[in-house]
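Below is a short briefing on one protein model. Please read it alongside the sequence and the coordinates.

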Amino acid sequence: MSRVDTAWLRMDTPENLMMIVGVWLLSPRLELETLRQRVGERLLQYRRFTQRVVEDPMGAQWVNVPDFDLTDHVIAVDLEARPGQSRTDALKEHVAALTADPLDARLPLWQIQLIQDVDGRSAMVSRIHHCIADGIALISVMLSITDGGLPPPVRRKRSEPESDEGEFDWVIDTLVKPVTQLTMQTVKLASKGVSKGMDAFMHPDQPMDGTLHLARLGFQAVNDVSALAVMPNDSATRLKGKPGIAKRVAWNDDLPLDRVKVVGKALMGSINDVLLSCVAGAIGEYLRSKGDDPTGLEIRAMVPVNLRPMDKAYQLGNRFGLVPLVLPIGIDNPVERLYAVRARMHDLKGSFQPLMAFGLLSVAGLLIKPVQHALLGLFAKKATAVMTNVPGPQKPLQFCGCTVDQVLFWVPQSGDIGMGVSILTYAGKVQFGLITDAGLCPDPQAIVDRLPGAFERLETLTLMLPWGEDQLEGLPG
């Protein structure tokens, strides 16, 4: 297992398990045997899904399961709703409970549950440990099991190194060359120790030069993320604190993507700028509803940044860095807030922080758990949330003859971070998923339900601006 994937494996804590949890809501009804047949034919072509993890003092290995049984991983679950509770609310409670329930370490680290009669639809709930792959890779994998989905690419020629992840090519083209050529003078990440060691980070089969060398790499990694270490800790709000085990989940898909595009174009911002400003606005409004005053406050969200060539999105493993994005929750004016988000996003462009974060995770995967948790604790001190924004298919997917009405997912939070925000554009709508610690935020639906209103206020102010005829072209009537 690569060092980065090992870091994600060892990042599990009772309070925050490193699982990516997703839900597909399908209509009409999907039968269990049909689901198992599709998963067996398509998903199991990726050998990671038939391998278990075996840890040793040096790291972890993927080991084939000779007696792999698909019925251990694709199961039917009866959803029990309390009197007066909707099936959708019961599903939210069930998903929240699953996020705190560890996968069986004796088996490959994934599971799919099929739940029937969720307001007339079937729900396919998947849990996949982050050590298998990151979000970009998993979306590519999940698309491959839909009707008409493409199978995994054929293996490379025998003359090339055999690897599911394509690690050697990737690390040379994406990390070593840019670091060597562009950052030797400006960023400590490209110091000789790390640039020479980067290939070793990605190749677990290559021996290290003993414990002294390992200690030096760890020390160098701390230096390489000095910018993160000296960053002030995040603003104190009720959303930040020591999380517990219990979680809550919420979702909303009431926002049409076309309207978001129009507002972004009108204000010379991106879709991402618009959505992130709405998230900041909804969080600020939620805090005000609790009697708090967020005026002037900013919180940070750790945002994954893909470091993998998009033509290799299918490759499993983790290929992303992290950047701390500031969310101006204390700015009440929607347009002002959007411009603040846009400015902060602009400051991150060209940043080497994702590479520094990747280097830290690489080293962390080599270290014992207490030291790893101490390093990774840097991220938790600097942020309130983890946030990811993924563009999905613009037409509804078909799966085993069913229509996938909604695609939802929730990102895990590391360390003491207690909130995860997931944004997915799918079939012409923006779908928000929110997971929170039950003690820090017991009602995440109250935040998610404020997102459409935050956008509508931004849209209204946009239409009230003094537009000329050229600027009006393309805006809604």
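Asp-134 caps the N-terminal end of H4, with a side-chain oxygen 3.1 Å from the backbone nitrogen of Ala-137. The model is predicted: local features need pLDDT of at least 70 and side-chain atom pairs pLDDT 80 or more, while totals for chains, interfaces and linings use all residues. Residues are numbered from 1 along each chain as its sequence is written, and side-chain values use heavy atoms, leaving out hydrogens and water.

**Helix H4**
- H4 spans residues 135–144; helices here are DSSP runs of H or I with at least four residues, and strands are runs of E with at least two, numbered from the N terminus.
- Its buried residues (under 20% relative accessible area, 1.4 Å probe, protein chains only) are Ala-137, Leu-138, Val-141, Met-142 and Ser-144.
- Seen down the axis of H4, these fall within an arc of 155° (taken from the directions from the helix axis to the C-beta atoms), so they line one face of the helix.
- Among the elements covering them are strand S1 (19–27), helix H2 (32–42) and strand S6 (121–129).

**Strand S1**
- In S1, 8 of 9 residues are buried.
- S1 pairs with S6 in the antiparallel sense over 8 bridges (pairing requires at least two DSSP bridges), and Trp-24 has Met-124 as its bridge partner in S6.
- S1 also runs antiparallel to S12 (residues 402–410), joined by 7 bridges, with Gly-22 opposite Phe-409.

**Asn-16**
- Asn-16 sits in the loop between helix H1 (3–10) and S1 and is buried, at 2% relative accessible area.
- Its side chain makes a polar contact of 3.2 Å with that of Lys-247 (N or O atoms within 3.5 Å, one able to donate a hydrogen and the other to accept it; residues adjacent in sequence count only if both atoms are side-chain atoms).

Methods:
Buried means under 20% relative accessible area, exposed over 50%, partly exposed in between (1.4 Å probe, protein chains only). Contact means heavy atoms within 4.5 Å.
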